Amino acid sequence: MLNSGLVVTVASLYLGGLFVLAYVSNRRAERGQSSLVNSPMVYTLSLAVYCTSWTFYGAVGSAARNGLEFLTIYLGPTIVLIGWSFLLRKLVRISSEQRITSIADFISARYGKSTFISALVTIIALIGVTPYIALQLKAVAASFDALGTTAGNAAAEGWEVLSQGHPHLFADTGFWVAVCMAAFVIIFGTRNLGADEHHPGVVAAIAFESIVKLLSLGAIAIFALYGLHDGFQDMVAKTDWHEGVRRLQGFSDGFEPRWVALTFLSAAAIICLPRQFQVAVVENADEKHLATASWLFPLYMLLVSLAVIPIAISGMTLLPATANPDLYVLTVPLASGHESLALLAFIGGLSAATSMVIVASIALAIMISNHLVTPILLRLHSFAAPDGRDVSATLLLVRRLSIVAILTLGFLYYRLTGSSSPLASIGLISFVGVAQFLPALIGGIYWEGGTRTGATAGLVAGFALWIYTLFVPSFADAGWAFMDLVETGPWAIAALKPDALMGLSGWDPLVHGVFWTITINTGLYIVVSLATRQAPLERLQSALFIDAFRRDQQSVSGVLERSATTADLIRLTRRILGPTRAHAIFRDYERRHGPANPDLMPVPDPGLIAYVERHLAGSVGAAAARTLLSQVVTGESIDLEAVIALLDETQEAIRYSQELEEKSQELEETALKLRHANEQLTKLDKMKDDFLSRVSHELRTPMTSIRSFSDILVTQDDLETDQTRRFLGIIQHESERLTRLLDEILELSRLEDGHVDWQFTDVDAVPIVRDAMEAMRGLAQDKGVVLSDALGDMSLPVHVDPDRLKQVFINLLSNGIKFNTNTAPEIWLTCVPPVNGDDAWAIQVHDNGPGIPPDDQGQIFSKFSRGWTQEAVRATDGTGLGLVISKQIMRQLGGNLVLESSDDNGSCFAVHLDALSQPAPGVQAS
Amino acid sequence: MKLNRRTRDMALLLPLGTLLLLLPPYIEIFDQPRLVAGLPLLPVYIFAVWLGAIILARVLSRKILSEEKASETVDVLAEDGK
């Protein structure tokens, strides 16, 4: 048993640490050193406020009771997060542009800045979330009591302690937690009014708490896995007999409706819960943080879910059946005597609970003060008078009182109920309540047709049905009220029974509630929207919301035609925001739009009025800001034509952006082509340089020997005749080589330019080939190469220049002979008739030489090729231009020369020629 | 905020595909009393899909950010060119 004094000390230290952390973060942010708080990691961790004590204790309880179903609570948000670029990002973009302060503000701003809608949403949120706050207080109190009792009893009692009546107020842990949280939120959540509702201290604190609860839950899970069992496999194998463990391995019959409904609900909750909207949208400092959160937050939830399973299994199999599953996180380590681990679990639960209470109460306090209290204050004459006193302090006070009110409400709820209703079900009823915002929210940012009346109708109907189908039965379940109503239906009409509307009995109550509230809500929203018209302001706002990604919001300010004096505007801003911020706002506007002379007041054009309104909205909400401004603004009218022009502009913008996209694609393609061309040019340039240096080198070698020998001949008179003759022979040989090289280069260039006289006649190609073979036979015999052909007695009539064709074959044969290093060198010719559709015959020259290296195969027909520069080529006295010239010739003859194949076993060149249909004159097939 | 169509489509496909795999009837296919490496098939399947989606989301979010950065650069260049 843990000494309760120790528990209290540790908990107080933890909460004290939280205050210090928030204080330091605030100070750093004020000094502009917010790099740590303003990071995607902290943003992601702040989203993890989603995992409250409902997750920390309740998920384990849910896993033990309902098996795998608990996963849906984390799968829904995962879907929303990984689809961030569609929904969440749009919400963030709109909110930062419109300076949205809460989800109520968001919905109201979309539907014409309606005061009624913002108040309605606030009330729904308040009723939906208060039980949730109560739940957190209850979780802390229950876990504290569980720690204080002996392990075995804790398992049995825990929760039930509460149902037997609460301790005295000051002895109640829940009370102290509520007081602490109220102080925290008042200090760090309401430092000043507005400034975009960013609370760096709070965000830092809840990010820290997210780490604490994950580590704490992880520690218990690892203890359960490796302290109590030997890893996952061992746990599964040892505990397979247990009914509850079976539920974690497969679905029970008829799980589908609840599975789908819970996935939907949790996906809705991650956006619609006021605290989630607060951290995900309002506190977001940079859209890019969403990109990181899109995978990191699902990972966080995956780890949490993974940790839940071993704790649930250990609890079910090792603790008595009477133990409360909602407290397994504490009782599993307690039962095995690990009290310090239990204390860690308690701190984790405390952090989960406090982070939720902090953010939820900030979000709700903003909503209550902006949407419930301020509109009422604005009706008071003294408050509303344009020249009244400074009210920024009053508004701040309202905000603080709201926080106290919310926590009081939550605390009262917890004190009064104390039912043994499991944690998960209270949380789920809350989820359904806030899910009522979904149709108006989603419709508001994707459907231009949604009207204020439609949204109101949907919200009212959904809320009423929620109260009737879920909230009322939860009271009846707890046994306080409405028992008759739930049992028999109002006036004993069975078709109106809250849990079986229209006779839909036998459904799971939650699925039943979700089905009715969401379908009726959505249906009414759509139908009523279609039946009503939007006011001009609504049209304007809907255009701004739906095209949030496309529009330059500043261009819209001219749509609202209104005028005011600058003095009035300044006075109003000072009253609401205080002199310092008012001054900053006007100075900022001047700097951006104002006259060159800074002494002049900004002109009160519609742009300035819209600017002021946005800043006021950032503090008191869109609806209240509009009401406030209407007191100093005269002649407000919405220029309908301007709105229509705005909508046209949207179409224009879409078209324009499509055009731009096409253009940019074209440009991209062109750029790609240019890049290719450039690469090729660079390559060619390099080849040309290579060629020139090669040619110079080739010319230089014979020139050098000619010069040196002629020098000797000139300077030395006493040379013997033999020697003179030999020297002259070398000079002659080198000159010939020089001439041949120049001839071939010249010929190549003539061929390329087409300056060659071609003597085309109709001839048989076979005798030409044989002539060439005869011409080369001498060289072949010298080298010991066996020369043969498989042409037989065929004839191949073609239209060519016979001498040129012969030149090609001589070149191919001489190459084959010169480069053949085989011990039994061989060259043979074959002829291949045209294949499918191609009417070119191919005469192939095969050899069994070493083959051409694969790297060079692509370049042998290029005159700047590397092959040309190889030592082997030069050693054989060739110029290396033979193949290039041959290819050029074949092209001119209307055929082609290709390398068919080349490997270690030899190469095969093919000469392609178009055969004439009738036999050439004078050539008869024998 | 300009993405390749393919990236945009993938960004939509990822949540929808993940949702489909985690809802009945697909998920029921894996509801079998079988062990995979000593662990029950169904939870293994759910966590595997989940982890896969997380990994893809990470890849995709980086792609989205880098493409947007590129298109912003293009815009800036276009502005300069005017």
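The legends below describe close-up views of a predicted model. Residues are numbered from 1 along each chain as its sequence is written, and chains are lettered from A in the order in which they are written. Local features need pLDDT of at least 70 and side-chain atom pairs count only at pLDDT 80 or more, whereas totals for chains use all residues; side-chain values use heavy atoms, without hydrogens and water.

**View 1. The elements of chain B.** Chain B holds three helices and two strands, in the order α-α-β-β-α from the N terminus. Helices (H or I, at least four residues) and strands (E, at least two) are DSSP runs, numbered from the N terminus. Of its 82 residues, 34% are buried, that is, under 20% relative accessible area with a 1.4 Å probe, protein chains only.

**View 2. The nonpolar surface patch of chain B.** B:Leu20, B:Leu21, B:Tyr26 and B:Ile29 form a nonpolar patch of about 360 Å². Such a patch joins nonpolar side chains (Val, Leu, Ile, Met, Phe, Trp, Tyr) within 5 Å, from residues with over 30% relative accessible area and no salt bridge (a side-chain nitrogen of Lys or Arg within 4 Å of a carboxyl oxygen of Asp or Glu). Helices α1 (5-22) and α2 (26-29) each give two or more residues to this patch.

**View 3. B:Tyr26 in helix α2.** B:Tyr26 lies in helix α2 of chain B. Its relative accessible area is 39%, so the residue counts as partly exposed, the class between buried and exposed (over 50%).

**View 4. Residues 150-164 of chain A.** Here pLDDT, the predictor's confidence in each residue from 0 to 100, stays under 50. The model has 32 contacts beyond four places in sequence for this segment, a contact being heavy atoms within 4.5 Å.

Notes. Patch = residues over 30% accessible without salt bridge, like charges linked within 9 Å, V, L, I, M, F, W, Y side chains within 5 Å. Areas by Shrake-Rupley, 256 points an atom, 1.4 Å probe, with all protein chains shown as cover.
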